[in-house]
Amino acid sequence: PRRGSLCDRRCAAINNAHGDLGELPSGSHLPHGLVTPRVLPGRCSPGSPPVAPSRRGAGGSHSHLSPAGIACPQHSDELCESCLGKTTLTAENAVEANKLSNNYKFGFKKWKSHVTARPWEDRSEIVKELYSDLNVIKGSGGSTVTCGNVLYALLFGWWLALLYLVVAAVMFLTVVGAPYGRLCWDLAGYFLWPFGKVIQRVEGAAEPAGRPGGPDVPTEATGAQETSSLLGGPVPARWRSRRRVAAAAAWLCLGYPPLALAHGLVCLVAWLLVFFIPVAKMSARVVRRVLLLPPERVRVRRLRMTEVPLEAEVILCCYRAVNAYYYKYTVDGINVFAVNLLPLVVVTLVLGYVDGRNRLTSSPVKFTLALLSIMPLSYYIGMAIASISAQSNFAVGAVVNATFGSITELTFYITALIKGAREGNKCYEEIVKAALTGTLVGCVLLVPGLCMVIGGIRHQEQRFNSRSAGVSSALLFLSVGGVFAPTLFSKVYGKLVCGECHNVTQNPLGRYLCHSCHFDLMHSNGTLYYSHVQPLVYTVSLLLPTAYLIGLFFTLKTHSHIYDIHISDCHMPGHHHSAVVHWSRWRALLILLLSTLCMSACADLATEHISPILTSSTISQYFIGVTVLAMVPELPEIVNGIQFALQNNLSLSIEIGNCIAVQVCMLQIPILVLFTIFYPTNFTLVFSDLHVYASMFSVVLMNYIFMDGKCDYFQGTVLVMVYCILLAVYFFAPSPSGC
């Protein structure tokens, strides 16, 4: 099937000739021997005469190609040379162009999905099939006996058919409902195996006394010749009308309710399973259309046995119960998984605040639900930020990204610190530090590593903009050094205090074995901490956001050419469309505020019910903070990175992890330090040795891997394996002091 429009395939193929930035639809291939530069002119007029693209000559020169994949004679060689090294992105409209441009800006949230509705004719045939109404008859597509169809028969088909047979028996017993009984008989066979069958609505036709689907007989003629078996004369029209009313009443009272309830259950279960959405559509269409029609207007036929009349309307025609591409399905621009997880947020909030004494569920269950609820809320916050940024100017987009870009993590950290301060439990502070370190290590090792491995399965070697990655790497070195500076200072000048020491050699001057040792910063009435460490923490907390602003100014203003992004409005003639945004700015702002409010509530519930897990669990609290609390909120970002990598756009996959890691060090930690000034929480910017070594080693390894600007699945495997080794270290590490 055609997987993309002609314009999309040409433009994306040119943009991805060297594995550069830009989106290459799956299934698109470059013409053999066509070598394109990374320079693409802004726009090639559709009316200009095309020039055949030249292959690379003996001298190694390249032809300059327009975004449509052909040379444009309107652009001179000087113009093409001025664009040398640029990456051209194709956008359907100005809003999508802004979103694509924001994806490559430092400090902006990277978003894969569209923020505007794509033109229908520009979508691939696979995507069009996802949104079909299951009323299109296709040609011979092979056997209908597939694994998905057999699974449908085992999960839904057999008991739906049995229910229809029971309802048919009930309708036959009412006598007046016999026509509906015959309809249910036919529908029982249909729902046992609906594939390769069609349900039609026949206008102005009635069925004979036998099975529906017999010879067509006009309703008027049938009514004029209908006779009464008792009197032997014609049946009066008012009797026929009363009989139809009685049959409809019996059907609406006895037959339709149980069938509608059963189909509603099937629709709900199939929708939640996502890949069974065709079954959900089929059930919804039957309840709304088929079961409300007069029985003589409905026909069930096999496609191979009949030819559908042109005048007959096809109500339902299904070929597959399962479609693996439904992970792309969206509702008003929202991914179907995010839609399905939204009720989970409501259930979490109701159980958390209504069942305060844990009569219905336990604390571990509530903690798990609260943590899972953070995932869809993170998705809604990300889409709202991307929508607002795409429809606003640069200043508004920068403010929104800086304000709400880290709101998911900050809500949990702040609520945990508040709870720890109220209870006087230092364990919450250690959990927050472990989560901060886990986010940093995960975004530096796991996110790019997974993207390299999964993207490397499809692409043998992937390239990325090493210079733009070098900017993020430099900021990472700076941020990690600044964050751990107070820790190194305390190691040098702090006093080592141990909880318990034993003489190993039984000699007063011999060796001692000590346990629970730590550097005490409060000796001499806290002079070291208050006079030296605390001012250093405040100084670092001011310098890190300043460095972040300088990085923004450097990459977005003075040295924006590092990213070399050029937006092209390449479209075929007649394919220009105005932007139809999924969420307007005000709607996106409202969703952003509501999602942030729900996020705060879920974070509060998570910290409220994490205590039993921390106290009764045999797993180290370090491991819980580094894995669950750190990476679950980042799952939407990981999915975005994987999707970019699959489209040979590894630059954005790497930037996703680097951007989050930089924001952790340069924004989140300074905000937590600033929060402790106004609300004392005893949060000190002094980390354990394990956090320091893991973070620094991860940053050094990441910079070494990204040095040459290209990678493959082996390098990604190295990053993932190192991350797994660090997880094993945290798993077997003893619990931190205070827990």
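Tutor: This is a predicted model. Let us begin with a surface feature: Val145, Val150, Leu151, Leu154, Leu155, Leu265, Leu268, Val269, Leu272 and Leu273 form a nonpolar patch with about 870 Å² of accessible area together.

Student: What makes these residues a patch on the surface?

Tutor: A patch takes residues with over 30% relative accessible area and joins nonpolar side chains within 5 Å. The ten names are Val and Leu, which count as nonpolar, so the patch is called nonpolar. Helices α5 (147-173) and α8 (237-272) each give two or more residues to the patch, and Leu272 belongs to α8.

Student: Why is the pairing of Arg289 with Glu313 called a salt bridge?

Tutor: The N to O separation is 2.8 Å, and the cut-off is 4 Å, so the pair qualifies. Arg289 lies in helix α9 and Glu313 in strand β6, so the pair ties together parts 24 residues apart in sequence. The structure holds eleven salt bridges.

Student: How do you know that α14 meets α22?

Tutor: Contact requires heavy atoms within 4.5 Å. Residues of α14 including Val447, Leu450 and Ile454 meet residues of α22, among them Ile638 and Ile642. By class, this contact has eight nonpolar, two polar and one charged residues. The two axes come within 8 Å and cross at roughly 30°, in a right-handed crossing.

Key. Residues are numbered from 1 along each chain as its sequence is written. This is a predicted model: local features need pLDDT of at least 70, side-chain atom pairs count only at pLDDT 80 or more; totals for chains, interfaces and linings use all residues. Side-chain values use heavy atoms; hydrogens and water are left out. Axes are lines fitted to C-alpha atoms, for helices over the stretch in contact, and angles run from 0 to 180 degrees between N-to-C directions. Helices (H or I, at least four residues) and strands (E, at least two) are DSSP runs, numbered from the N terminus. A crossing is left-handed if the near helix is turned anticlockwise from the far one by less than a right angle, and right-handed if clockwise. Patches are made of residues with over 30% relative accessible area and no salt bridge: like charges are joined within 9 Å, nonpolar side chains (Val, Leu, Ile, Met, Phe, Trp, Tyr) within 5 Å. Accessible areas come from the Shrake-Rupley method with a 1.4 Å probe; for residues, only the protein chains shown count as cover. A salt bridge is a side-chain nitrogen of Lys or Arg within 4 Å of a carboxyl oxygen of Asp or Glu.
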